[in-house]
Amino acid sequence: MEYFACFWSFCACTAFCLVYNIRGKALVFASLNGALGWFVYLLLSFVKNDIFQFFVATVATAVCSEILARILKKPATEFQIVALLPMVPGNGIFYTMEYCVIGNNAMFIQTGLHTLGIAGALAMGILLVSSLFRISNPPYRSKLP
Amino acid sequence: MNYDQLVNASADAGYLLIANGAEISRAEESMRRIFHAYGMEQGEVFAIPTFISVSLSTPDGRPITAIRRIPSRQVNMDRVDRANDLCRRICRTRPDFNTIRREIRRIESLPAVPFALQVAAFAAVASAFTLFYGGNAADAWVAFFCGASIRPVWCLLDHFHVNQFFIYIAASFVPAVIALVFADWNAYLNYDKIIIGALMNLVPGIAITDFMRDIIAGDMIAGILRFTESLLVAAAIAIGAGVALTATRTLFGV
């Protein structure tokens, strides 16, 4: 029943689309992209390494965003921001802060580093996909005089 | 051709993109493309999240520069989308500058999300994330009120021109206090799930996503600015919720 979280991920992403003023077809696809990210995360739960799971899930959503951006002719960030949100380690930041407040330094360092690791995995996922898609679509630079 | 107007049109288009949350690389590329569309190969463009500068030398060697300061940024993807379409259209059809100015004005005046809908959306985000992180239905109801409190606090402080960092602290403090008061009243609530759900509203999603894309595109300064911004915001959220936790623990002795 843990796959039900994908549905809540979809709902949260839809609400975020309203906050960010994303409309029309993009709203539906961005939300589905958010659900897909968490689905991939759960699908890989057999590896028992959540940083790796987050990395692969980010890569999946980033590839989908780039493809959707080309099909729907909209900026890729529109799909990317929304899909990334369920994976942002909000609970990591909270528990790090809570351990800091109650003075449990060992757990504070451990949770803090783990949260940083997850954030790094998300950044690496975007880096990889964004770089690969730039090969097919190189940036536009002005010619030297 | 009127070069002054070309520089202005390009700077305005860039301003519209950055002020509504587009990546720096997208804005710079759009501005360069506009210059190229009108046959100016030597237009120079530089942008960071708070500043745009565009410069052009006319064929008779006269330099023209325009700068734009971007005091505040918001996220409005609909406007980014329309501004992006406008830039593509400008490059394809090369309309006259009055048309461009009118179009930019029109996009700027499009209504933003109404306040009531924003409050509802924040509340819905909080509820959905509480359930997503494993809270139960009672937690989701409390999170609904916590999420709804964020936007009014934000608007109130923004009205008094309080700085961004303090707004984030206050906007994470208020929902955390509401959640902890409810948790003191009903001990079965998972206060941690409620606070996390409500605070997901404040997570700097745009900064996290854009900083990596900007760094890859070679805009190091823009990327570093966004990275610093996301670290500061994360710290502010943690401070706000931390103060709330400490204060309620001292008061209620939980």
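Everything here comes from a predicted model, where local features need pLDDT of at least 70, side-chain atom pairs count only at pLDDT 80 or more, and totals for chains, interfaces and linings use all residues. Residues are numbered from 1 along each chain as its sequence is written, chains are lettered from A and ligands numbered from 1 in the order in which they are written, and side-chain values use heavy atoms, with hydrogens and water left out.

**Figure 1. Chain B on its own.** Here we have 10 helices and 3 strands, taken as DSSP runs numbered from the N terminus (helices: H or I, at least four residues; strands: E, at least two). Going along the sequence, the pattern reads α-α-β-β-β-α-α-α-α-α-α-α-α. The C-alpha trace of chain B spans about 75 × 35 × 30 Å along its principal axes.

**Figure 2. Where chain B meets chain A.** The contact (heavy atoms within 4.5 Å) draws 57 residues from chain B and 48 residues from chain A. In chain B, Met77(B), Phe132(B) and Arg213(B) lose the most area to chain A, together 14% of what that side buries. Between them the two chains bury about 4,800 Å², 67% of it on carbon and sulfur atoms; buried area is the accessible area (1.4 Å probe) that two parts lose on being put together, summed over both.

The rule finds 3 salt bridges across this interface, a salt bridge being a side-chain nitrogen of Lys or Arg within 4 Å of a carboxyl oxygen of Asp or Glu. One joins the side chains of Asp81(B) and Lys74(A), at 2.3 Å, N to O. On the chain B side, the helices that each supply at least two residues include H2 (24-37), H3 (77-93) and H5 (115-132). That side divides into 30 nonpolar, 11 polar and 16 charged residues. For these classes, Ala, Val, Leu, Ile, Met, Phe, Trp, Tyr, Cys and Pro count as nonpolar, Asp, Glu, Lys and Arg as charged, and the others, Gly among them, as polar.

**Figure 3. The largest pocket.** Its volume is about 1,200 Å³. Of the 41 lining residues, the closest to the centre are Arg73(B), Gln74(B), Trp154(B), Gln164(B) and Tyr168(B). H10(B) gives the most to the lining, with 6 residues, while helix H1 (5-19) of chain A is among the elements that each supply at least two. By class, the lining has 24 nonpolar, 12 polar and 5 charged residues.

On a 1 Å grid over the protein atoms alone, a pocket is an open set with protein on both sides within 12 Å along at least five of seven lines, a cavity is a set of points where a 1.4 Å probe fits but cannot get out, and lining residues have an atom within 4 Å of a point. Grid points are joined across faces, edges and corners, and a volume is the space filled by probe spheres set on the points.

**Figure 4. The largest cavity.** The count comes to 2 cavities of 30 Å³ or more, and the largest has a volume of about 90 Å³. Its lining takes in both chains, with Phe94(A), Met97(A), Leu199(B) and Ile237(B) among the residues. Helix H5 (90-102) of chain A, together with H8 and H10 of chain B, each supply at least two lining residues.

**Figure 5. A salt bridge within chain A.** The side chains of Arg70(A) and Glu66(A) meet at 3.1 Å, N to O. They sit 4 residues apart in helix H3 (residues 50-72) of chain A, so about one helical turn separates them. Over all chains, the search finds 15 salt bridges.
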